Amino acid sequence: MSAKAISEQTGKDFLYKYICTSAAVQNRFRYANVTPETDFDRLAKEHPWLLTERLVVKPDQLIKRRGKLGLVGVNLDLNSVREWLKSRLMRETTVGKAKGILKNFLIEPFVQHKQEEEFYVCIYATREGDYVLFHHEGGVDVGDVDAKAKKLLIGVDEKISEDSVKKMLLTNVPNDKKSVLASFIVGLFNLYEDLFFTYLEINPLVVTKDGVYVLDMAAKIDATADYICKAKWGDVEFPPPFGREAYPEEAYIADLDAKSGASLKLTLLNPRGRIWTMVAGGGASVVYSDTICDLGGVDELANYGEYSGAPSEQQTYDYAKTILSLMTREKHPDGKVLIIGGSIANFTNVAATFKGIVRAIRDYQGPLKEHEVTLFVRRGGPNYQEGLRVMGEVGKTTGIPIHVFGTETHMTAIVGMALGHRPIPNQPPVAAHTANFLLNSSGSTSTPASSRTASFSDNRTNVQSSPAKKAKTGGPAVKATTLFSKQTKSIVWGMQTRAVQGMMDFDYVCSREEPSVAAMVYPFTGDHKQKFYWGHKEILIPVYKNMGDAMKKHPDVDVLISFASLRSAFDSTMETMQYPQIHTIAIIAEGIPEAHTRKIIKAADEKGVTIIGPATVGGIKPGCFKIGNTGGMLDNILASKLYRPGSVAYVSRSGGMSNELNNIISRTTDGVFEGVAIGGDRYPGSVFTDHVLRYQDTPGVKMIVVLGEIGGTEEYKICEAIKEGRITKPVVCWCIGTCATMFSSEVQFGHAGACANQASETAVSKNEALKEAGAFVPRSFDELGEIIKSVYDDLVAKGVIQPAAEMPPPTVPMDYSWARELGLIRKPASFMTSICDERGQELIYAGMPITEVFKSEIGLGGTLGLLWFQRSKHSCFPLCVAFSDCQGTPVSSSRCRNKHFSKAFDSGMLPMEFVNKMKKDGKLIMGIGHRVKSINNPDMRVQILKDFVKQHFPSSQLLDYALDVEKITTSKKPNLILNVDGFIGVAFVDLLRTCGGFTRDEADEFVEIGALNGIFVLGRSMGFIGHYLDQKRLKQGLYRHPWDDISYVLPEHMSM
């Protein structure tokens, strides 16, 4: 989620530190925090003003209208404050529907003032800019400020001025206070922008002859801007909404989430409840909660949460064991149910994630049986059949009742089964194996002729493109109605080879003449070519270091698919929009700050560019084009008939739910014409109506499906368009998040935008409005498929839709890696070794784990013995050599590994600033990243070295700096760890600088000339000799790499 509420104390701390105004802001940093553990004598020593001034005391727990609720003590001395707190501190109180314990209070100086000196000011973000609200009568009785206050909109990229503030906001303010207020409001707005606030309210703001007093304050900041604001924010604590406790398990999952590239969320609603969920996907998690509440389970719903974004087996295990631990602490007289659900995954390997869940089930099988827990499982996506098989198998072996279903079962049907509202099928239909969709089914045993020299990197002049129609001068550019066709060409930003191969396989089954990917852009490598398959042929796609070269050499490209990270997505997108040939950009990254997204939207509107995303999987146009991982793997593409167009177009926020819509629509109609997932952020680049109106104007689309969501008001624009007759095609619409109104405290769902700030933003209100406007609205998500089928059948009966005959798509060969994953093939190893094994959790030398190598203190000679003679005989330099023995190729850039870190550290650059600079410069951080190891599967060599350095080195400043950098990089991807080479590099610099044997200049010179390379050269030489002797001992012949595993890049005249 992006906009997160902060405590009043945190908000005032930011304001007092960073506001820039000529107004005299009084009582800066004069506040004291009181909790049940507070020692008042010590508190008075730390804040002497508590003993001399009159005071105000109030809870600081995100409670609105505290004055109206009698929760503010005014004009008291310290003893009276203590007396006032006795009846309130750690006491339960009710605020609206929420009940909670008052446990955190704020004491501030009492400000004597008159009623006419109280004002109200508020700044909040919208899609088009930031509104400043001001009312000349502030305080507890301010009333409906939306109706009463004066408003000033500061558009995106516009600046606020004191003149505009005076003219638009301060007309009812006495002249002697206008200048002070204008200066303060301008300073407040600049603070709001600089620190990435999304909401900031002060009521009352008191202005006296002495200056400005900020009495009560409420604020939210954009948590995704942490990488920008870390230096000013520090470590921000985000308190839970009043009425919901902060549980340690929630903090544990939040920590896992921060260390993972995946998404892991957990909110405990009722730890004693009998209905628990473990749902994959942000949108799907909301749908399951809705269905549970619709069926009467709201009081028994124990948790809300989600896991998505391809978490590893270990991450899923950690998440699952947390859920199982929580649900097996208290028994329930009716037993408990665990719903393991999800939509059809786009790219997550279901079998891999289910292995983590299965491990957790085995570990907790005793408590699960004791608490009479029944599991209901429904999932789809890559390799889901194997995942379901494993899940069913663990039920049989453990005796735990586990009911397993795949894509043949409606997504939320298992909720009705779990709650006893529908029968559990004895023998659910078994979907075909993934391989059945991919293996050749034509009956022909012939193999197509191979070709490894074909290339689509050359431009073809005869291919037609479909650029956006740009407006003539004088007016905004007109966006294209048709975003994709069979001739659409794209550039992919980022080294996302799996997604690109998926696009090419889709192109092939759609019988496109050429691949839809013309080139890739990746700033961290030089220009080169990347191998991909086009059907059975291996082709080469060019990869460019900069965008300009790619655009110049591929003028037929009109779509950019950006896999840039949240840190670089803004800059790369803004750069892309400089090229007029681009009319559509898909931004996949999640976690882009809202202020950056709004700037992207403004630029796109001016240039006539359609933005899909951020925080999206993309979109798909069957038979023509798909964005990245949209639609999942080929088995789902074929099962959902996405290789040819149907008559139904849809738009959704959720990527996972868009794939579920593909499934529902393919089972109830003639299929999908086009589908777009606009993304889950508060301000998606394009909104529902942008696409619904495109579909209205597209002849091939006969009906429209919209999957809306709690939060925002965009769905009301669909209502207006239907009423005005702008939309005449049938619209089936359902807004998810109906459960939110049933919860006693605010719940932030998986998507950043899935939170209602007012009644009109609730899913219930939007569904009612849509139905009233004339859209087809089901009673629940359970009925969505039935409504779609009913509308479709009616269109067929009227002759509006005439279903076409099915044509079988071409067969695409299965990739070796995927066939191996499915257990369909076997391949003899090309190389034998008996001296090292790096497949598991820990490196092994001749049968001895690397931890034992160190613990046994066998030294350098013992390590040589293991590698050369498989015997060990019975020092940080020998240790480093040992750890670099069996690495692959010699490392010639070890100097860079420590130079980057030491240069940044010596210049005083913060770790976050260093990471951002390297990203901006398009440079990899040498020493960060590992192919196999990750924060969840740590490299034991690094841990051993870390312990050694901490114990024996005089200082480890540079190492500590590198470890702080690792915390930042692993929050993006868990495998971006400080690797063993990087560790040795920074530790070596620490040793040279602090051992006392060298001056600083001498130490730096040794680093500069590459003395550290000697360790790596020596280590790899030892390893190479060990492998040579090992091959002789194993009686292996001269190693030749198989020719069919080599891509021969030959001159054109020699192409085979």
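Domain bounds here come from an automatic or database domain assignment. For this chain, that assignment gives domain 1 (3-233), domain 2 (248-424), domain 3 (485-642) and domain 4 (875-1033). The model is predicted: local features need pLDDT of at least 70, side-chain atom pairs count only at pLDDT 80 or more, and totals for chains, interfaces and linings use all residues. Residues are numbered from 1 along each chain as its sequence is written, and side-chain values use heavy atoms, with hydrogens and water left out.

**Overall form**
- The chain has 36 helices and 35 strands, counted as DSSP runs (H or I, at least four residues, for helices; E, at least two, for strands).
- Along the principal axes, the C-alpha atoms fill a box of roughly 95 × 90 × 70 Å.
- The radius of gyration of the chain is 31 Å, which agrees with the value near 31 Å for a compact globule of 1056 residues; this radius is taken over C-alpha atoms, and the globule rule is 2.2 Å times the number of residues to the power 0.38.

**Domain 2 and domain 3**
- The centres of the two domains, taken over C-alpha atoms, are 33 Å apart.
- In contact (heavy atoms within 4.5 Å) are 7 residues of domain 2 and 9 residues of domain 3.
- About 600 Å² is buried between domain 2 and domain 3, with 49% from carbon and sulfur atoms; buried area is the accessible area (1.4 Å probe) that two parts lose on being put together, summed over both.
- Asn346, Phe347 and Pro382 supply 69% of the area that domain 2 buries against domain 3, more than any other three residues.
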